[in-house]
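Hi,

Here's the structure I promised to pass on. Have a look at it first, and then read my notes below.

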Amino acid sequence: MPDGTTIDFQREAYLEALLATLPETIAVFDSDLRILDLNQAGMDLLDISDLDELSENPPLYVISEKSRPKFKEITDKIFNGDLTIVSDAFLLEILPVSAPHQLHECRLAPLKDPNGRIIAAVMSGRDVTRRYKALDQADRTLSILHSIQTTVPDAMIVIDEQGLIASCSDTAVNLFGYSESEMIGKNVNILMPSPYREEHDGYIARYLKSGEKRIIGKGREVKAKRKDGTIFPMRLEVGEANLGDYRLFTGFIHDLTRRHKTEERMQQMQSELIHASRLSAVGTLASSLAHELNQPLTAIANYLSAGRDMLEDNSPETQKLVQQALDESVTQSIRAGKIVHRLREFVSKGKVSMEVLSMAELVNESKTLGLIDARLKGVDYIVDIHPDINYVLADKVQIQQVMVNLMRNAIEAMEDSPVKQLTVAAHNTKNNRVEFIVRDTGAGIPPEIGTRLFDPFATSKTDGMGLGLSICKKIIQAHEGKLTAKPAPDGGTIFRFTLLKAPKEKSFAE
Amino acid sequence: MPNERLVYIVDDDDAVRRSASFMLKHAGFQTRPIESGIEFLRQCKGAERGCVLLDIKMPEMDGLEVQQEMISNGINMPVIVLTGHGDVGLAVRAMRAGAVSFIAKPYEKQELIAALEEGFERLENRDLKEMAASEAQVRLACLTGRERDVLDGLMTGYPNKTIAYDLGISPRTVEIYRANMMEKLRVQSLAEALRIGFAAEKAPTIEAGPIQAK
């Protein structure tokens, strides 16, 4: 082993080399903070190559005003002997002479003479500017994220690739009724009703495997389940964050309960309005209906009263006549029954149900009510249904309401016309539709009504509410069709609407 | 059957025409169903006289118009008007124009036969109406003021409710007055009561004494 002197020398040289190559700044200073020794990294900060070049010593200007009290506090402790060993790391803002400011993580330790007297302090400083900048940014991002999580109006839930909840917003807590701790780490499928609950893991797995996006970036209306078991409609938008080797998925959840309720209420009001309009249409038909029912009833009474008085005569000829009278009565009963049946159907408050219906039947049935008093009012009518007419997809009651309405309007429009010719027609059109046409020879649409024809409360009738046509238009629109009116070439008006053609379903036929 | 009595059945409804014809044939009448007022007016000139069952609600020309045409063409056949529900006003107008009676559809066979019997009585004895004129006033004389008011209302074609409103009494009370009035006039139907009322109006100048209603 070498002797002491040799070792001392070698140690000094080694230290010298070490200090020169260290990226950290090492400074030795006395109690007046005057620098006694400084390594290369320190020299670089001060932009000097020798301590003699210092314009002032101590060069306190290299420490920012803000950091100086902290520096003073620690050095005081060192020279007062309060810190006998190395200090905790502390941050100083350093203002290098020819470089932008830096943040240094520093440590101080006392340097004692052989008698134990503190003669100097050693300080190390490491440039940590970069690390702190990154940390600071992360901090800021985090606090932005936090503020989003607490204030985002829609519920927000972040899950990992296993479907486990990584984070959730306050609104999600409120919406689902679980506390945050009840949600974090749980599979997000606890927020879903069956069958999605069971299938969700499969959805994620499929996506991770195939990369085929079914909901990400698209959004969809789905059902969700609260802690108390209630199920509600929601709109779900999913975003994806790629974090190197794994992914996070963020779901934004917008509760649709309220919107659905409003829509439902609107629909209900609409259907009530449509029904009310049917009732009012029947009201205006009342006297014609009574007349039309009285005719078969009169015939039945005639036949039956004659038949009753003929029963006493047993002769085969008379019996035959009685039978004939009864047969005729049955026919007339059925005639009356048909009218009552149409009427009952018409005023029924049935749910809207789309069915495959025979257009020919729809028109034929509608004319029972629609043309009930046409002849009495002197109206000559033709009903022209093309023999090859297609089936349609429609709500029976509502479409018949429109047909009846248009026929009634046409008859009314011709009240004072010299020529009263009504044409009702139905035929197929190109582009897979079926068209229904009502054409009258009335006075036409009054110019003051003009384009407001289909607006609610636009009417030329003295006793009308002006709701009929606006409701008709709504009904046809709901059937993805179009209701139009235009003047007929030789006077009068042509109303037409279209319906979607449906495939014929033989199974529906009786 | 000798001297068969002829009934013209004027109605636009085929079933009504055929059934009425069936029933009346069996009851001993000869029938001639005709589907419109215009057609009847065309056929009846110089045709065999009979009673006319005339539907009031028909297209083109309604029963009242047909009746007016008959009067202006001098076709003097007794008319029985057939009405629907709520056509009392029209029926009263027909009565005023000289119809024998009116019957609401649907009707009892007896009701129709009774009206026809009256019609044929008038057909056979054309003075019946004139005779009734002076007699009518005598018969009306036994009515109280209120009973007369109710009859006047009915003769105007008002329903019970309207008469009650106009007189400031309840419809139920009107019904009672109406029943009393019919009993005192010894009539079975409103049509008969109206006929007496209209006949009295036609009386020339005879002072009627206590019949003032007001």
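Let's start with one pair of residues: Ile80(B) sits opposite Ser101(B), which belongs to strand 5 of chain B. Before you go further, keep in mind that this is a predicted model.

Strand 4 of chain B (residues 79–83) and strand 5 of chain B pair in the parallel sense, over 4 bridges.

Now zoom out to the whole sheet. Chain B has an open sheet of 5 strands, paired in parallel and ordered 2-1-3-4-5. Which strands are at the edges? They're strand 2 (29–34) and strand 5 (101–104) of chain B, and each of them pairs on one side only. If you ignore direction, neighbouring strands in this sheet are turned against each other by 20 degrees on average.

Next, the helices on the sheet. Helix 4 of chain B (residues 88–96) lies across strand 4 and strand 5 of chain B, and it runs at about 175 degrees to strand 4 of chain B. Helix 3 of chain B (residues 63–72) lies across strand 1 (5–10), strand 3 (51–55) and strand 4 of chain B, at about 145 degrees to strand 3 of chain B.

Last stop: where the two chains meet. How many residues does each chain put into the contact? Chain A gives 22 residues and chain B gives 19 residues. On the chain B side, helix 1 (residues 14–26) supplies the largest share, with 7 residues. Sorted by class, that side of chain B has 8 nonpolar, 6 charged and 5 polar residues.

Notes:
Residues numbered from 1 in each chain as written. Chains lettered and ligands numbered in written order. Predicted model: local features only at pLDDT ≥ 70, side-chain atom pairs only at ≥ 80, totals over all residues. Pairing = 2+ DSSP bridges. Helix = DSSP H or I, 4+ residues; strand = E, 2+ residues; numbered from the N terminus. Axes fitted to C-alpha atoms, helices over the stretch in contact; angles between N-to-C directions. Contact = placed C-beta atoms within 7 Å. Nonpolar A, V, L, I, M, F, W, Y, C, P; charged D, E, K, R; others polar.
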